[in-house]
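Below is a colleague's note for a reader who is opening this model for the first time. Please keep the sequence and the structure in view while going through the points.

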Amino acid sequence: MKIQSARDLESARREGLIKIQPGRPRIGVGTSSCGIAVGGMALYERMKKIIQDEYPDISLVKTGCIGFCKEEPIVSVSIPGKSLVLLHKVQPDDAERIISLAMEGRVPQELALCKIQDWDHITGSLVHGGGFDGIKDYDEIPFFANQKKIILRNCGLINPEDIMEYIGTGGYFPAFKAITSMEPEAVIEEVKRSGLRGRGGAGFPAGIKWEITKKASGEEKYIVCNADEGDPGAYMNRNEMESDPHMLLEGMLIGAYAMGVHEGLIYIRAEYPLAIERLITALDQARSLGLLGKNILNSGFDFDIQIATGAGAFVCGESTALAASIEGKTGRPRIRPPRLTEKGIFGRPTDLNNVETWCNVPVIIAKGASWFSSVGAKGNTGTKVFSLVGKVDNVGMVEVPLGTSLNTIIFDIGNGGAQGRRVKAVQTGGPSGGCIPVRLFDTPVDYESLNKVGTMMGSGGLVVMDEDTNMADIARYFISFASGESCGKCVPCREGLKHMLLILNRLIAGKGTVKDLNLLKELSETVQKTSLCGLGQTAPNPVLTTMQYFKEEYDELLEA
Amino acid sequence: MPVNGRKRMVTITINKNQYLAEEGEIFLLTAMRLKIDIPHLCYEKALDPYGSCRLCMVEVVTCGKTEMTPACTIKVHNGLEILTDTPEVIKHRNILFELYLAEAPKSEVIKEMAAKYGVTKTRFLKKIVHDDPLLGKCILCGLCVRVCSEIMGTCAINFINRGPFTVVNTPFYEHNPDCAGCAACARVCPTNAIVFEDTEKDRVMRSWSGTTVPMMTCSSCNKPFAPEKLMHEIQSRLDPQINEDIRNMCPECRRRYISRREMKIPIT
């Protein structure tokens with residue numbers, strides 16, 4: 001069946017809704033990488049067997065991840081007319097009981113994390129129902145209460161391997177609206193007005209990039225999704241693709257229509273096999289419904305997406321190295337200009353956006369630029385997903401409006417240090433970012449404020465450090481990572497980072513002197529100022545910020 | 001834009017002085033022409049700017065703000081303002097020289113160049129280079145690799161490994177039959193790191209895992225004069241071909257042969 005009209009899409013939506021609320025108990029098992037890592041798949045298989053043998057009346061699906069990694073495996077139980085209940089830390093041995101209770105319209109109380117009465121999928125909303133008085137409400141769980149889910153609106157609630165469920169929550173309606181009733185220019189205008197900025201870290205306005213690509217000369221152009229997420233501790237994009245791949249495809253489809261581009265690419269690292277698998281499934285399903293390919297939605301517009309896998313080099317997240325890698329060359333950055341929008345992959349104008357940037361597009365079209373820009377702060381509109389990891393109590397995927405303070409994220413949502421330890425600092429932006437001390441935690445998380453304190457947004461990793469963490473050791477870890485990932489093209493990055501690592505090793509071995517400290521600082525500044533690409537330019541940030549905010553820890557390392 | 005087929009001249013400011021320069025010219029070349037000193041190692045006229053040595057860093061002034069940029073990547077345009085000798089530029093350049101002195105401790109070129117800018121020693125640990133086929137002189141500027149692939153179309157050598165472990169050599173450090181022995185790599189190397197020698201019969205690229213290319217001997221004087229593979233490569237591109245009787249002669253014999261023939265002196 002191909003979707004060719006509003007009526008087709010509407011009947012697909014109804015079909016999808018029946019899958020989400022089938023009128024009989026439905027059990028969803030969290031099977032993203034995080035869930036699988038703690039036994040989600042074994043749990044799913046166990047349940048599948050029990051249901052096949054004894055309870056054919058229960059609907060069992062794989063879902064993505066709702067973001068509370070600490071509580072995985074998370075299972076959602078939906079009883080018709082009643083609240084959706086999230087169960088946490090479910091073991092395979094619990095399977096039998098969960099299923100038999102679900103048949104009776106009940107859930108195991110002691111496994112319950114919270115219940116959801118209704119849910120705003122942004123592109124649509126769902127009412128589940130009431131009941132389960134003894135179970136806390138979703139909004140009563142601090143980890144969830146302080147979040148605002150726009151990008152993660154479907155994550156953990158729908159089956160990522162079934163396009164109908166995505167359409168059931170109002171998915172592909174924004175694309176339909178854009179393609180059938182909006183001029184391409186109007187779509188770009190809407191994205192520009194929304195104030196959406198690149199979520200890969202640099203924060204360049206997405207609408208303006210689209211406009212430049214559209215105006216670039218040349219008939220054949222590319223749009224590319226950068227899914228080469230490589231920061232240590234960051235896995236937002238992985239989760240977005242594993243839990244809701246169609247949101248990305250729809251964003252790219254709308255972008256392609258706006259820019260008049262017919263070829264799309266997703267550059268994804270090979271270390272994300274599950275995300276690749278789910279994307280391939282999603283692409284096949286979208287093609288079979290006529291949402292990708294020739295004559296999309298009977299509009300005469302053609303667009304298709306191919307997947308290009310990277311071989312695991314961190315530097316390939318840099319735009320020009322990424323382009324080289326797709327072309328089959330060594331992933332080494334080149335000098336800019338020309339930018340990709342002018343001369344990109346195979347010399348054609350190319351628009352490159354991060355996974356999360358694309359994911360924001362459908363909601364902007366669905367709800368309008370004004371609605372989108374009312375979320376977040378001025379100049380920093382919308383929400384941002386962070387992976388809150390390290391020595392924090394509530395490890396997980398967190399989505400908050402831009403401008404939210406670090407305090408809110410780390411203490412209100414994250415519940416402070418793990419095992420009651422005192423939080424000392426947080427590293428934002430991975431190896432490119434810096435360490436912010438706890439006294440600056442009232443800093444709002446937006447592009448400019450983070451730059452002001454010496455770090456950056458990056459793609460959204462937040463690594464929390466507690467009192468037991470040695471900051472010089474943290475700096476050494478990140479420099480060792482950056483040096484190992486340096487492509488070796490320019491001297492400050494290739495040689496400079498190597499010598500920074502040697503000096504840090506010397507300091508940590510207790511053999512450093514004041515001269516070493518000064519040299520480290522001088523060298524850091526040169527690497528920052530003279531490197532060819534973003535990798536080298538930002539790599540010294542962890543050293544410079546830890547030297548600025550935790551000078552005493554370096555002094556303690558000096559030879560007496 | 002060219003006006004009447006000629007390049008438009010525009011006004012640029014370098015270190016607060018105004019100059020006329022050709023629009024679109026690479027700023028590093030403009031500065032060289034104007035005798036404004038900017039050190040550089042990886043620029044080669046025959047190739048596109050590559051920006052790997054970072055020594056030609058200058059400050060571009062835009063709206064009162066300065067930004068460090070390599071001079072080889074700046075195109076001249078009207079109103080361009082550049083500072084080439086600010087304390088900031090000098091500070092970073094000196095550190096880069098120190099890094100080079102540690103990376104290529106045996107290179108006289110680097111030593112002389114650094115000394116010219118007042119850097120005579122390095123605070124960084126020098127690379128140990130006792131069995132380096134590039135004699136401890138390579139700075140990985142990439143010119144040899146690029147000239148081999150982009151100009152000669154051979155691609156006999158390339159970068160191996162990455163980051164601080166990057167080296168240049170033939171694949172798997174083996175004798176590479178693709179090498180034509182043209183030695184363009186050695187010709188463009190800014191630090192004279194690449195060594196080769198011509199023996200009785202062969203050209204041996206010592207730096208490239210002993211890659212050996214047989215020499216062509218002159219059909220007249222029987223002396224070896226050029227790598228065989230290179231000669232065949234060049235001859236295959238010529239149209240019309242060189243006359244059969246002089247095709248395999250060394251340049252010297254060929255000259256003698258032609259002039260004698262023209263002057264009707266019997267050829268011996």
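The numbered points below take up confidence, the interface, the helices and the backbone in turn.

1. This is a predicted model, in which local features need pLDDT of at least 70 and side-chain atom pairs count only at pLDDT 80 or more, while totals for chains, interfaces and linings use all residues. Residues are numbered from 1 along each chain as its sequence is written, with chains lettered from A and ligands numbered from 1 in the order in which they are written.

2. The predictor assigns the complex an ipTM of 0.93 and a pTM of 0.94.

3. In chain A, helix α13 (residues 319-326) is mostly covered, since eight of its eight residues are buried; a residue is buried if 20 or more other C-beta atoms lie within 10 Å of its own, exposed if 12 or fewer, and partly exposed in between, with C-beta atoms placed from the backbone. The cover of these buried residues includes β8, β9, β11 and β12 of chain A, and the helix is followed by Gly328(A), whose phi is positive, near 90°.

4. The axes of α8 (residues 184-194) and α14 (residues 355-367) of chain A come within 10 Å and cross at roughly 100°; axes are lines fitted to C-alpha atoms, for helices over the stretch in contact, and angles run from 0 to 180 degrees between N-to-C directions. α8(A) and α14(A) are therefore roughly perpendicular to each other, a term for angles of 65 to 115 degrees. Val187(A), Glu190(A), Val191(A) and Ser194(A) of α8(A) make the contact with Val361(A), Ile364(A) and Ile365(A) of α14(A).

5. Most residues other than glycine have a negative phi, and most peptide bonds are trans. The bond from Arg336(A) to Pro337(A), however, is cis, with omega near -5°, and a cis bond also joins Pro337(A) and Pro338(A), with omega about 0°. Asn298(A), not a glycine, has a positive phi of about 55° and is partly exposed.

Methods:
Helix = DSSP H or I, 4+ residues; strand = E, 2+ residues; numbered from the N terminus. Contact = placed C-beta atoms within 7 Å. Parallel < 35°, antiparallel > 145°, perpendicular 65-115°, else oblique.
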